[in-house]
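The stops below take charged pairs and then a helix.

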Amino acid sequence: MAGGLAVLFFFAYITAIRLAFMLAYFGILLVVVCWTWARVAGRGLVVTRGAQEGAYEVGQEFREKMEVSNSSIVGVPWVIVEDRAGIPGYEASRVFSLPGRGSRRWTSHGRFTARGRYSLGPLRITTGDPFGFFVRTRVVGVAAVITVYPRLIDVMDLLPGSSHSSGDSRVFGRFSDSPPDALGIREHDPSDGFNRIHWPSTARLGRPMSRSFERYEGADTLVVLDLGVAVHRGRDASSTLEHSVSLAASVAMAAVQRGQSVALRCNDAGATTLLAGSGPNHLRHILDFLSVAQATGTRPLSSALPGSTGRHSRQTLVVITPSPPGGWVDALAAGRDGGRRATVLHVGGEPGDRPRLRTMGEINWWELATGSQEPVAVRRAS
């Protein structure tokens, strides 16, 4: 542009043509007007984002109300709003024009496709004069920080506490079907196992009576999540890592819902251990970690398995891994000397396969497939 004005002035000077001088003066005036327009219009833009901080779940829809208003009397011929948040499955960018004292509102829709912790922003606002001679850019900072939790699914049928037979068939019953400590007798329930009937009391009272056990829900649950870098395969939502993390989050949620205290142990690079706790706040603490957990460990899964100590005999152990059976299975079996209940959720089947249950000694071994899983419900924590 500056070069064009210089050429025009040079042409007017050597030719002394009045039209050339008029074009040169007009060009100078146009540049001054465009420069002023770009400065005034860009300075009067105000951006408002209606996003709320909090936590969401993979697969949950997200909506955000946005508004760009022009506080200046000068209209803005074009505005480019670029969202630099980088949230997978969400896009809030727009291109539009604004009149003087006008505003533009819209609602951005998206669906979270990946877990993680994301910032809503920054926004890059680009505007300028009608001819595009001068461009002004502003960056609006982060409006909020949100956390996307792993997909939560129903895993109640996979955990100790429901009665299962070997193979694919399952018998559903109370969580207290197989705890070790009998406390007394109670009225028989049709869902009770046959071995629960207390025959002397049944004969004495003339009606079926069942033994009453200490409630299983009071036991601790230890979740061991395999985050070894060499054992996971696949990418994005279909990877074994995403399914393992989803299972860990779902097991923790199920344990808290059953009134248990739950702990988490991983073999990642930091050897992460979250001590046992209960309640919504502790569950949120676990989900916050799982939302950003990555497979970074170099140590074997057996390094995260607990040893056999008597004080942990009431503990329920849930191991989540895609690792094939190996030395860690021997370590798991050796750690059950105190009577610890153990369940392995092995992620390694093909998409579409049904969950299969088999036993390895006294270990329940569930074969689970990778593939898309629909969440049981959408939950949001403030």
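Which residue forms a salt bridge with Glu 187, and how far apart are the closest N and O atoms? Select Glu 187 together with Arg 207 in this predicted model, and you will find the two joined in a salt bridge whose closest N and O atoms are 3.0 Å apart. Glu 187 belongs to strand β11 (residues 182-187), while Arg 207 sits in the loop between α3 (199-205) and β12 (209-213), so the pair ties together parts that lie 20 residues apart in sequence. With a relative accessible area of 44%, Glu 187 is partly exposed, and Arg 207, with a relative accessible area of 38%, is partly exposed as well.

Next, widen the view to the whole structure, where a search finds seven salt bridges, and select Arg 49 and Asp 83, whose side chains meet in one of them at 3.9 Å, N to O. Here the pair links distant parts of the chain, since Arg 49 is in strand β1 (residues 45-49) and Asp 83 is in strand β4 (residues 76-83), 34 residues apart. Colour these two by accessibility, and both Arg 49 and Asp 83 come out as buried.

Is Arg 63 buried or exposed? Its relative accessibility is 55%, and because the cut-off for exposed is over 50%, Arg 63 counts as exposed. Glu 61, by contrast, has a relative accessibility of 36% and therefore counts as partly exposed.

For the last stop, select helix α6 (residues 327-334) and show its side chains: the buried residues are Trp 328, Val 329 and Leu 332. If you look down the axis of α6, these buried residues fall within an arc of 105°, so they line one face of the helix. As background, an α-helix has 3.6 residues a turn, so residues three or four places apart point the same way. Turn to the other side of α6, and you will see Gly 327 and Asp 330, which are exposed. Which strands do the buried residues of α6 pack against? Select β16 (316-321), β17 (341-349), β18 (356-360) and β19 (363-369) alongside the helix, as these are the strands against which the buried residues of α6 pack.

Conventions: Residues are numbered from 1 along each chain as its sequence is written. This is a predicted model: local features need pLDDT of at least 70, side-chain atom pairs count only at pLDDT 80 or more; totals for chains, interfaces and linings use all residues. Side-chain values use heavy atoms; hydrogens and water are left out. A salt bridge is a side-chain nitrogen of Lys or Arg within 4 Å of a carboxyl oxygen of Asp or Glu. Helices (H or I, at least four residues) and strands (E, at least two) are DSSP runs, numbered from the N terminus. Buried means under 20% relative accessible area, exposed over 50%, partly exposed in between (1.4 Å probe, protein chains only). The arc is that of the directions from the helix axis to the C-beta atoms. Contact means heavy atoms within 4.5 Å.
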